[in-house]
Amino acid sequence: MYQIMWPGKPDWPLWQRLLFRFFFVYFVLYISPWQWLEIIPGVNYVTGYYSKFIDWLVNAANKNIFHVYKSLVPLNGSGDTSWAFIQLRLFLLIAFVSMIVWSLLDRKRRQNNRLAYWFRIMLRYFIIINCFGYGFAKVFLSQMPFPNNSLMATSLGDLLPMRLSWAFMGASPTYEFFSGLVEVIAGALLLFRRTATFGTLLAAGVFANVMLMNLGYDIPVKLFSTHLLIACLVLLSFEYRRILNFLVSNRYAEQGNLYYIRYPKKWMRIAAVTGKLLFIVFFVILGGVESYKGYAQRSNIPESKPIRSGLYDVTVFVKNGDTIAPLLYDTIRWKDIVFEKNGSGSVGTTDTLFWQRYRRGYFRSKVDTVKKEIEFSKSNPAFETFYLFTLQYEIPDSSSIILKGKIRNDSVYTVLQRSKRHFQLAEKQFHWLSEYNR
């Protein structure tokens, strides 16, 4: 009878056994690897019950154990909501209690090599999924798109740090592509046992930079990026002596064998290869294809008709028959308006009727060419859509638009003139020879 030889030392010191048990429980809860099976149709019906249970558990823990928040804001695109921080506390508490109970019940066991092997596989593929996911999003320039006219019409000082960082990354497609390519390379290296350690080191460097950028620019993915970095460090901790010998002490580093096992039965080997191929197909190839489709779709958005995209100055703004002068701090009068190709847009106003971001009012527009109307709506951070108003439009010439109708209970008449304002950032300038600081 053949037995699998699990890589690792035959005797672990107590502190290693304690740390392993803590991190094992914590990351199993945090990653929930069974949710990866949701790519199979119908599985999400089952895992949905687990998600509902965790949601109930987190809310119950906040109410009965931690007493931190009156109510929790669920994940909504931000990974740093009050719900996420209570989940963090809860999982840490469960992991700590589990470590103690596990150690008492299994105190005679001197090592956990078999469980450690599967733990490393879980962490490794967790990192791979996110390396390719975030990497492809940058390679195909979708995570940080090039600043649109609404953003370029916003004063720099009105931007939040996160939006500034997004504009910084998106303003250079070359740099964003390179950043994504490094993540993709790290993921590719992690796919193979021979290069897994190199891939983990590279991924740790990438996610350290991402984590510090999230912390430094208040980007609301701080918790998740920190977990990605810790996952890399936990993986590297299994071979820290070998890494230190090679990189720091300039000593001989023995061959790594943490990911090498020999399955004794043929069906096991076939299952392992098949599982890996399915993972590559669903999470790597299909993920890359979907990212490319999104890139192609964004790159081929046709020019909107009859309302051309671009920045328009509001030269006339009449409210209830009174012409309102363009005063600097007026909260009602529009100063300019931007129509984007994808139907979004913004107005240079602090009117809270619109969704306010960075002293501009954002909206969605839908044009009815038969009735010659533009319907304005807005979306809130929870992605709910609300109707705002509808205006009639006239297009007297190629550079002018007239809008009129009711906003709230006020009659409004505006004249829009296509702006001659020039954004140098949109030129994507590059100079090998720079005689002066620019």
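I began with a term: a salt bridge is a side-chain nitrogen of Lys or Arg within 4 Å of a carboxyl oxygen of Asp or Glu. I also noted that helices here are DSSP runs of at least four residues, numbered from the N terminus. The model is predicted.

**Entry: salt bridges**

I looked up the total and found 12 salt bridges in the structure.

I took E290 and K293 as one example. Their closest N and O atoms are 3.8 Å apart, and this falls within the 4 Å cut-off. Because E290 and K293 are three residues apart in helix α11, about one helical turn separates them. I noted K293 as partly exposed, at 49% relative accessibility.

Next I checked R242, which pairs with E239 in a salt bridge with the closest N and O atoms 2.6 Å apart. R242 is buried, with a relative accessible area of 18%. E239 is buried too, at 8% relative accessibility.

Then I looked at D351 and R408, whose side chains meet in a salt bridge at 2.7 Å, N to O. This pair links distant parts of the chain, 57 residues apart. I found D351 in the loop between β4 (344-347) and β5 (355-357), and R408 in the loop between β9 (400-407) and β10 (410-418). D351 is buried, at 6% relative accessible area, whereas R408 is partly exposed, at 45%. I also recorded that D80, D218 and K222 are joined into one network by salt bridges that share partners.

**Entry: nonpolar patch**

I looked for nonpolar side chains on the surface. W15, L19, F198, L201, Y240, L244, F246, L247 and V248 form a patch there, with about 930 Å² of accessible area together. Helices α1 (14-31), α8 (196-216) and α10 (240-247) each supply at least two of its residues. Helix α10 gives the most, with four residues.

L19 lies in helix α1. L19 is partly exposed, with a relative accessible area of 41%; patch residues need over 30%.

**Entry: helix packing**

I compared helix α4 (residues 113-139) with helix α9 (residues 222-237). They pack at an angle of about 135°, with their axes 10 Å apart. That angle makes α4 oblique to α9. I noted the crossing of α4 past α9 as left-handed.

**Entry: I301**

I located I301 in the loop between α11 (266-299) and β1 (310-319). I301 counts as partly exposed, at 29% relative accessibility. I looked up its separation from A186, 115 residues apart along the chain, and found 32 Å between the C-alpha atoms of I301 and A186.

Notes:
Residues numbered from 1 in each chain as written. Predicted model: local features only at pLDDT ≥ 70, side-chain atom pairs only at ≥ 80, totals over all residues. Heavy atoms only, no water. Patch = residues over 30% accessible without salt bridge, like charges linked within 9 Å, V, L, I, M, F, W, Y side chains within 5 Å. Areas by Shrake-Rupley, 256 points an atom, 1.4 Å probe, with all protein chains shown as cover. Buried < 20%, exposed > 50% of the residue type's maximum accessible area, 1.4 Å probe, protein only. Axes fitted to C-alpha atoms, helices over the stretch in contact; angles between N-to-C directions. Parallel < 35°, antiparallel > 145°, perpendicular 65-115°, else oblique. Left-handed = near helix turned anticlockwise from the far one by under 90°.
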